[in-house]
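Dear colleague,

Please find below the structure I promised to hand over, followed by notes on what was found in it.

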Amino acid sequence: MLKVNEIYASIQGESSHTGLPCVFIRLTGCNLRCSWCDTAYAFHDGKNLTLAQTLEQVETFNLPLVEITGGEPLMQEEVYPLMESLLKKGYRVMLETGGSLSIDKVPEKVIKILDIKCPGSGEEKKNHLENLKHLSPHDEIKFVLLDRTDYEWSRSLMQKHDLASFTQVLFSPVYDKLDLKDLSQWILEDQLPVRLQPQLHKVLWNKNAVGVC
């Protein structure tokens, strides 16, 4: 049984797959409390669905791309059969994970979007950096940046682990907190091999919209 907060279709707002139509499966529960979290409603609210019921809802949208997100989806053991089932049905599957739990059991074919928490989140001590060795070339690492301190911290960690040599790195500003122009200028000045990643869904709708990303 899965505890599901919501299942809906929208335009992918983040990652290098931005702009693509996508089905989102948002699972309930999270072990982190990031200062800038925009999905706190998923901490507890949700309904219990069987794997079959979840797949049935996904199929109604008739879209090839599916993202499993949260909350923290890896808190639920049933997420692994869910990923396997989606892959077997021919879906392109993405997983957004907060980076504090191991991804070692995630199927290799799943596109993993691994968040690394910066100091501004208040949760940087919970990063499970062993996850870096489980990443494939199609996976991505995302840093959500609150300010210049977060930028410098992320730049240092990125260079220490040579992240850009084996995966796509995304720098995403906290909406309404860090100006896109400032972050763009810092990236250009340092010639960082990263992708600037604004949250498209918040541009299309608004920062408080639910069921759109």
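Two strands are said to pair if DSSP finds at least two bridges between them, while helices (H or I, at least four residues) and strands (E, at least two) are DSSP runs, numbered from the N terminus. This is a predicted model, in which local features need pLDDT of at least 70 and side-chain atom pairs count only at pLDDT 80 or more, whereas totals for chains, interfaces and linings use all residues. Residues are numbered from 1 along each chain as its sequence is written, and side-chain values use heavy atoms, with hydrogens and water left out.

Strand β2 (residues 21-27) has six of its seven residues buried (under 20% relative accessible area, with a 1.4 Å probe and protein chains only), and so it is largely enclosed by the rest of the structure. With strand β1 (residues 2-11), β2 pairs in the antiparallel sense over seven bridges, and there Cys22 of β2 is the bridge partner of Ser10. With strand β4 (residues 65-69), β2 pairs in the parallel sense over four bridges, and Ile68 of β4 is the bridge partner of Ile25.

As for the helices, α1 (residues 51-59) and α2 (residues 79-88) pack at an angle of about 45°, their axes (lines fitted to C-alpha atoms over the stretch in contact, with angles running from 0 to 180 degrees between N-to-C directions) being 11 Å apart. The contact (heavy atoms within 4.5 Å) is made by Leu51, Thr54, Leu55 and Val58 of α1 and by Pro81, Leu82, Ser85 and Leu86 of α2.

Best regards

Technical notes: Buried means under 20% relative accessible area, exposed over 50%, partly exposed in between (1.4 Å probe, protein chains only).
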